[in-house]
Amino acid sequence: MSKDKFKIMLDLQKVNELNEEGCAACGRKFTLGETVVLACGAWEGPPKYVHENEAVYDTRTSTYMERSCYEASRGG
């Protein structure tokens, strides 16, 4: 499975949609043209879009995970 299927570049409609909550991983707002990924994290509920640099692709599960959650699961 390609990790690119979880990645999008933000257009104006998606920026407006996502910025009500902001990035689940870092809390910052999104900007037009940024790349975001659908990732699992420490939050409750389904995966959410986060800034690409705030996530790690886990080849074991074929999903993106929020960076601090991924590092905690790896013991480091």
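The chain contains two helices and five strands, where helices (H or I, at least four residues) and strands (E, at least two) are DSSP runs numbered from the N terminus. Read from the N terminus on, these elements follow the order β-α-β-β-β-β-α. The radius of gyration of the chain is 12 Å, close to the 11 Å that the globule rule gives for 76 residues, so the chain is as compact as a globular protein of that length; the radius is taken over C-alpha atoms, and the rule is 2.2 Å times the number of residues to the power 0.38. The C-alpha trace spans about 35 × 25 × 20 Å along its principal axes.

This is a predicted model, in which local features need pLDDT of at least 70 and side-chain atom pairs count only at pLDDT 80 or more, while totals for chains, interfaces and linings use all residues. Residues are numbered from 1 along each chain as its sequence is written, and side-chain values use heavy atoms, with hydrogens and water left out.

The strand pairing may be followed from β2. Two strands pair if DSSP finds at least two bridges between them. β1 (7-9) and β2 (residues 35-40) pair in the antiparallel sense over three bridges, with K7 opposite V37 in β2. β2 also pairs with β3 (residues 48-51), again in the antiparallel sense, over four bridges; here V36 stands opposite H51 in β3. By contrast, β2 and β5 run parallel and are joined by two bridges, and A39 stands opposite Y64 in β5.

A search of the whole structure finds two aromatic pairs; rings of Phe, Tyr and Trp (its six-membered ring) pair if their centres lie within 6.5 Å, and planes under 30 degrees apart count as stacked, over 60 as edge-to-face and the rest as tilted. The rings of F6 and Y64 have centres 6.5 Å apart and planes at 80°, so this pair is edge-to-face. Because F6 lies in the segment before β1 and Y64 in strand β5 (residues 63-66), the pair ties together parts that are 58 residues apart in sequence. Y57 and Y64 form an edge-to-face pair, at 5.1 Å centre to centre and 70° between the planes.

Of the 76 residues of the chain, 29% count as buried.

Methods: Buried < 20%, exposed > 50% of the residue type's maximum accessible area, 1.4 Å probe, protein only.
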